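Subject: Structure handover

Hello,

Here is the structure for your files. Please look it over before reading the notes below.

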Amino acid sequence: MAQNGTKTNERPGTRAVLRHARFSAYKAREVLNLIRGLPVADAMDELNRCDRDAGRPIAKLVASAVANAGANDGLPADELFVAACYADEGPTMRRFRPRARGRATRINKRTTHITVIVGRLSAEELSDRRERGGAPADAAAARARRVAASRGDDANTADQSVADEAEVVEPATAAVNPEMVDDTPTDEATAEQEAEATAQAAEANADDTDADDTDAADAADDTADAADDTADAADDKDDA
């Protein structure tokens, strides 16, 4: 029976193949179904958000297909989409696990061969994406423009900041200029300061004298109390 249409493995485009991946074809197909027919940028975003372990090697495979398209066919990455992707079963490694009564159970370690084909979007799809803003510019060119713009903005900002600092520093310097501000104390101010210092010293001496007199009176009272205690003790002894 004749088959109509192009076979999957004969589809035109740039391809990349990963052979003997150490997981089953079923697990690979579950991830490939998420990116089939998507633009490359959307497919990479989907793979980066994928929780399956097969998402990481498939993401590397898509990046390899894009690199092959750019190096071999000269196609920009923003005009590519995942035209086809499929997984074929690879050789199965058989291992055995010991079980009860001397028996053994076979363990199948499956492998898979994954193929990703990227193609160029049609002119209608490219125009529609550009109108919707969905076709990003070339990454290298966009980065170069951003760097150039940032460097120009940084230079203008630096020049403006230098000018602003010069304007701010000049009045501040004039305010603290010793030629414009005279901090030399006058004779009247010096005399007032000396008089205040003398008054404070006299008050301090008076406070010290009062404190000494109070201490002497307390000592005399203590001595009199001690003499009275001695006399009382002597009277008690005579009575006894």
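Please keep in mind that the model is predicted.

Surface patch. Asp218, Asp221, Asp222, Asp225, Asp228, Asp229, Asp232, Asp235 and Asp236 form a negative surface patch. One of these residues, Asp228, lies in helix α6, which spans residues 187-239.

Threonine 115. This residue belongs to strand β5, residues 112-120. Threonine 115 counts as buried because its relative accessibility is 7%, and the cut-off for buried is under 20%. When neighbours within four places in sequence are left aside, the contacts of threonine 115 are Arg15, Ala16, Val17, Leu61, Ala84, Cys85 and Tyr86.

Backbone angles. Most residues other than glycine have a negative phi. Histidine 20 is not a glycine, yet has a positive phi of about 60°. Histidine 20 sits in strand β1, residues 14-21, and is partly exposed, with a relative accessible area of 46%. Arginine 101, also not a glycine, likewise has a positive phi of about 60°. Arginine 101 is placed in the loop between β3 (93-98) and β4 (104-109). With a relative accessible area of 81%, arginine 101 is exposed, the cut-off for that class being over 50%.

Regards

Key: Residues are numbered from 1 along each chain as its sequence is written. This is a predicted model: local features need pLDDT of at least 70, side-chain atom pairs count only at pLDDT 80 or more; totals for chains, interfaces and linings use all residues. Side-chain values use heavy atoms; hydrogens and water are left out. Patches are made of residues with over 30% relative accessible area and no salt bridge: like charges are joined within 9 Å, nonpolar side chains (Val, Leu, Ile, Met, Phe, Trp, Tyr) within 5 Å. Accessible areas come from the Shrake-Rupley method with a 1.4 Å probe; for residues, only the protein chains shown count as cover. A salt bridge is a side-chain nitrogen of Lys or Arg within 4 Å of a carboxyl oxygen of Asp or Glu. Lys and Arg count as positive and Asp and Glu as negative; His and the chain ends are not counted. The place of a charge is taken as NZ of Lys, CZ of Arg, CG of Asp or CD of Glu. Helices (H or I, at least four residues) and strands (E, at least two) are DSSP runs, numbered from the N terminus. Buried means under 20% relative accessible area, exposed over 50%, partly exposed in between (1.4 Å probe, protein chains only). Contact means heavy atoms within 4.5 Å.
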